[in-house]
Amino acid sequence: MTDIIAFENKMLEIIQKNKKITEALYRITDFFSDDEPLKWALRKYALEILDGIFGAKNSAKYESIRHINRVSLAVEKILDLIELASFGSFIAKSNFDVLRREYRLVLTAINESKLNEVNLISGCDLLSAESKIVISSPFFNSINKDSTKNEFPSNDDQKIGSINTKFITKLASD
């Protein structure tokens, strides 16, 4: 249970950090013209990151990896957009450096939590089910004992046999 609590605490930390970064990004992009697509793209990805982190925290553990992967991609996109904005006269160099540093820290934290999440999931009962016997071996033995006949069972035949290879060949050629 301590792994789950540690993961949730890490996600809360990432959420708090990302809220502050998103607020800073919004303040910086307030200086952009409303007609500038870069302003809206930066804000879109900032919100996507925040939404994905909330999704990862509030989802079932096996679903959080999908959210975390989505967040990682959005952080990489926003880093590219911030770099693009820094080449223009949109963002002061110091603002760019702060945003880039903070988003890289978020990406590092996300990647660390992704590894922790994989460890959490691998310990989950859902994945350990494959090591448990679900269908007993006598079930498979009853199927395989008639499989040497190589015949397709007819409607009135109650035995389970293997599929006739001629039938498969005919299906494959159709």
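Helices (H or I, at least four residues) and strands (E, at least two) are DSSP runs, numbered from the N terminus. With that in mind, the place of Asp34 is in the loop between α1 (2-29) and α2. The model is a predicted one, in which local features need pLDDT of at least 70 and side-chain atom pairs count only at pLDDT 80 or more, while totals for chains, interfaces and linings use all residues. Residues are numbered from 1 along each chain as its sequence is written, and side-chain values use heavy atoms, with hydrogens and water left out.

**The chain as a whole**

- The chain has 7 helices and 0 strands, and when it is read along the sequence the pattern is α-α-α-α-α-α-α.
- Of the 174 residues of the chain, 30% count as buried, where buried means under 20% relative accessible area, exposed means over 50%, and partly exposed is in between (1.4 Å probe, protein chains only).
- Among the contacts in the chain with a separation of 6 or more, 65% come from residues 24 or more positions apart; contact here means heavy atoms within 4.5 Å.

**Helices α2 and α3**

- Helix α2 (residues 37-58) and helix α3 (residues 61-87) have axes that come within 8 Å and cross at roughly 160°, which means that α2 is roughly antiparallel to α3.
- The axes are lines fitted to C-alpha atoms, for helices over the stretch in contact, and the angles run from 0 to 180 degrees between N-to-C directions.
- Angles under 35 degrees count as roughly parallel, over 145 as roughly antiparallel, 65 to 115 as roughly perpendicular and the rest as oblique.
- The crossing of α2 and α3 is left-handed, a word used if the near helix is turned anticlockwise from the far one by less than a right angle, with right-handed used if clockwise.
- Sorted by class, the contact of α2 with α3 has 17 nonpolar, 4 polar and 6 charged residues; Ala, Val, Leu, Ile, Met, Phe, Trp, Tyr, Cys and Pro count as nonpolar, Asp, Glu, Lys and Arg as charged, and the others, Gly among them, as polar.

- Leaving aside its neighbours within four places in sequence, Asp34 is in contact with Lys39 and Trp40.
- The side chains of Asp34 and Lys39 make a polar contact (2.5 Å), that is, a pair of N or O atoms within 3.5 Å, where within protein one must be able to donate a hydrogen and the other to accept it, and where residues adjacent in sequence count only if both atoms are side-chain atoms.
- Trp40 lies in helix α2 and is partly exposed, with a relative accessible area of 42%.
- The C-alpha atoms of Trp40 and Thr29 are 8.5 Å apart, although these residues are 11 residues apart along the chain.

**Residues of helix α3**

- Ser64 is found in helix α3, and because its relative accessibility is 0%, Ser64 counts as buried.
- A polar atom of the side chain of Ser64 lies 3.4 Å from the backbone oxygen of Ala56.
- His67 is also found in helix α3, and His67 is buried with a relative accessible area of 11%.
- Once its neighbours within four places in sequence are left aside, His67 is in contact with Gly52, Gly55, Ala56 and Ser59.

- Leu25 is found in helix α1 and is buried, with a relative accessible area of 0%.
- Apart from its neighbours within four places in sequence, Leu25 is in contact with Leu42, Arg43, Ala46, Ile78, Ile82, Leu99 and Tyr103.
- From C-alpha to C-alpha, Leu25 and Asn95 are 9.0 Å apart in space, while they are 70 residues apart in sequence.
- Phe54 is found in helix α2 and is partly exposed, with a relative accessible area of 32%.
- Setting aside its neighbours within four places in sequence, Phe54 is in contact with Ile15 and Lys19, and its C-alpha atom is separated by 9.6 Å from that of Ile14, 40 residues apart along the chain.
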